[in-house]
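Welcome! Let us take a friendly walk through a structure, one topic at a time. Have a look at it first, and then read on.

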Amino acid sequence: MIKQQFKGSNKMNLLLLVALLLAMMVIPHFAKSATVALISRIFILTVYGMSYDILRGYMGFINLGHALFFGSGAYIAGILFTKLDNTFGIFILVVLITIIYCSAAAFIMGKIVIRGGSVIAGAMITLALGEIVRNMAERWRSVTGGADGLPFSIPPIFRDRLHFYYYALIFMLVMTLILRQFLLSPTGRVLLAIRENEQRAKFLGFNTDKYKMIGLQVSGISAGLAGVMFGVFNRFANTDLLSVQQTLNALLITLVGGTGTLYGAFVGSGFIAFVQNTLLNLRSQYPIFERWLLFFGAMYVLVVLFMPSGFVGLWQKLISEAREKKKGSAVDAK
Amino acid sequence: MDVFFMLLINGLAEGALIFLMASGLSIILGLMGVVNFTHGTLFIWGGYIYIATYNRTQSFLLSVLAAMAAVFLLGAVFEKLFVSRVYGNIPAQILITLGLQVIFTDLVRLIWGATPITVARPDFLAGRWVIGGATIVHYRVFLIFVGLLVAIGIHLLITKTRIGMVIRAGVQRPDMVQALGINIKLYFTFVFAGGAALAALGGALYAPLTGSMSSTAGLHNQVLAFIVVVIGGMGSFLGSAFGSIFLGLMGAVVAWFVPSLSVVANVTLMALILAFKPNGLFGLAVKK
């Protein structure tokens, strides 16, 4: 199954991928600027979703404080751009500091959560950690701007929306390749083994705690980088980016797309951004759509109840069923 | 000495409030193995219903009962329609309760608005004693009293009554209990709704203490309750009782001496306890 997902490089899939890539490269030249912005957003959120999928889909760990990486990335960009300067050099510095910060945060989070053990304890502890970081950002007004948020200016190179679209696309592609390589590596395989049966992985001699820590590090750093891009995209950081709601966004992205598929994040973030956009456009006619969260929550519950493997899971199921049928008819013909 | 006495009362009152919240969570977790992320939402529903009723009737007791009854029903509906479908599937439980939390928190904003609404304390609890340099607010003493009463009540209910016996048996072997002719599903609904009613009691008593209720208070208190449940030992009722008192007292002391640290103190405490006792203080960990 896993092999099929990754190395399913049968010609159909490859062709589809190339066609999709080409389409994404030319789209901005035909689309409205609002659409270009929407798609750039989807690219960035895809990376955020993928970073979450490593935890939820490949490690079976529900992290409810994941937004602290994402939000911190945006804040680090905002703080450095306002306090120092908005040049490309500073952007490199932002990326480096985000990597170090997220690595350290993931280390602390891992130390606490892995001690706690179970999925339930993990979810509860990470929720608490995420809330604490959000609280700190809200109170540290002199640096973060508190609840008002932190608007900032960005390096000139990122200002053009059309150029930024391509940067976001490249960012997504590079991160996808890196994360895919990571999951295909021996370390990634061990993570899968832990998800399937932690006890057995332990008996095989793997130090499961160490591997979980590595997974959390990779996930945290990717989320942080996505946060940096998101901050640059919005030119604004606020405490919403650190909130539980932001974590739930990542969760919903992976849920809708399909957990444990990595590519599902693209489908999920695309779908959610599209639905959100449509609903928010409707609100001028129907005020009930002001309350986007109501629909968000309802979508959540419905997906968990009726579509637990998401769109990609559904698609794979349809394909495998079609194959079975083909096989069946071939046997009949004989 | 005065400061010590005041902090003791404040801390215990705070602890009692956290306990109302944490006990409901802990019971649902310990007996049913379900982690309920709607708890914070049920808490604010309790608070808002209390305020709405109180502003109409001016009756404290009636308002508290109304809040508990309404949220009891809400909890029963949650369990029947959603949670009961995903027993045994822990990730799905977490996700589905999170979804409900988002919906019902936003419903609160839809009905009562996004800004906090205020409420006065009832007259008979509004006063304060001044002993030496210490001020003791009547309402806080009342909270400690209620917390103690609830703790003893639940403990007796679970350990001494037939209902408690059925629930404890049902946790271990639901099929066996069902075979004995007891409708175990009904009992589980009852436990879940009971936990919800406790959260509502917490919310209803919280509102007069702070004088207002906002839609963000739920998450804040839920986080406190989670920390208590983790440090007390997942699902241990005794653990959440002591954890609440501990957290309440520490919160009062830290807020008095180093207010800037009050945000991180709770989590630091949790991290320290987990570092030395991974299963929490009363280590009855739910191994799942």
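## Around Tyr50(B)

Leaving aside neighbours within four places in sequence, Tyr50(B) is in contact with Phe60(B), Ser63(B), Val64(B), Ala67(B), Val119(B), Pro122(B), Ala204(B), Ala207(B) and Pro208(B). Contact here means heavy atoms within 4.5 Å.

This is a predicted model, in which local features need pLDDT of at least 70, side-chain atom pairs count only at pLDDT 80 or more, and totals for chains, interfaces and linings use all residues. Residues are numbered from 1 along each chain as its sequence is written, chains are lettered from A and ligands numbered from 1 in the order in which they are written, and side-chain values use heavy atoms, with hydrogens and water left out.

## The nonpolar core

A nonpolar core is a set of buried Ala, Val, Leu, Ile, Met, Phe, Trp, Tyr and Cys residues joined through side-chain atoms within 4.5 Å. Buried means under 20% relative accessible area, exposed means over 50%, and partly exposed lies in between (1.4 Å probe, protein chains only). The largest core has 203 residues, and Tyr50(B) is among the members that touch the most others, as are Ile125(A) and Leu247(B). Helix H8 of chain B gives this core its largest share, 14 residues. Helices (H or I, at least four residues) and strands (E, at least two) are DSSP runs, numbered from the N terminus.

Gly194(B) also sits in H8(B), which covers residues 184-210. With 25% relative accessibility, Gly194(B) counts as partly exposed.

## Where the chains meet

How many residues of chain B are in contact with chain A? There are 40, and they meet 37 residues of chain A. The area buried between the two chains is about 3400 Å², with 84% given by carbon and sulfur atoms. Buried area is the accessible area (1.4 Å probe) that two parts lose on being put together, summed over both. On the chain B side, Leu95(B), Val102(B) and Val263(B) lose the most area to chain A, together 18% of what that side buries.

## Two positive phi angles

Most residues other than glycine have a negative phi. Gln58(B), however, has a positive phi of about 60 degrees. Gln58(B) lies in the loop between helix H2 (39-57) and helix H3 (60-81) of chain B, and is exposed, with a relative accessible area of 52%.

In chain A, Arg235(A) has a positive phi near 55 degrees. Arg235(A) is placed in the loop between helix H11 (208-234) and strand E2 (236-237), and counts as partly exposed at 28% relative accessibility.
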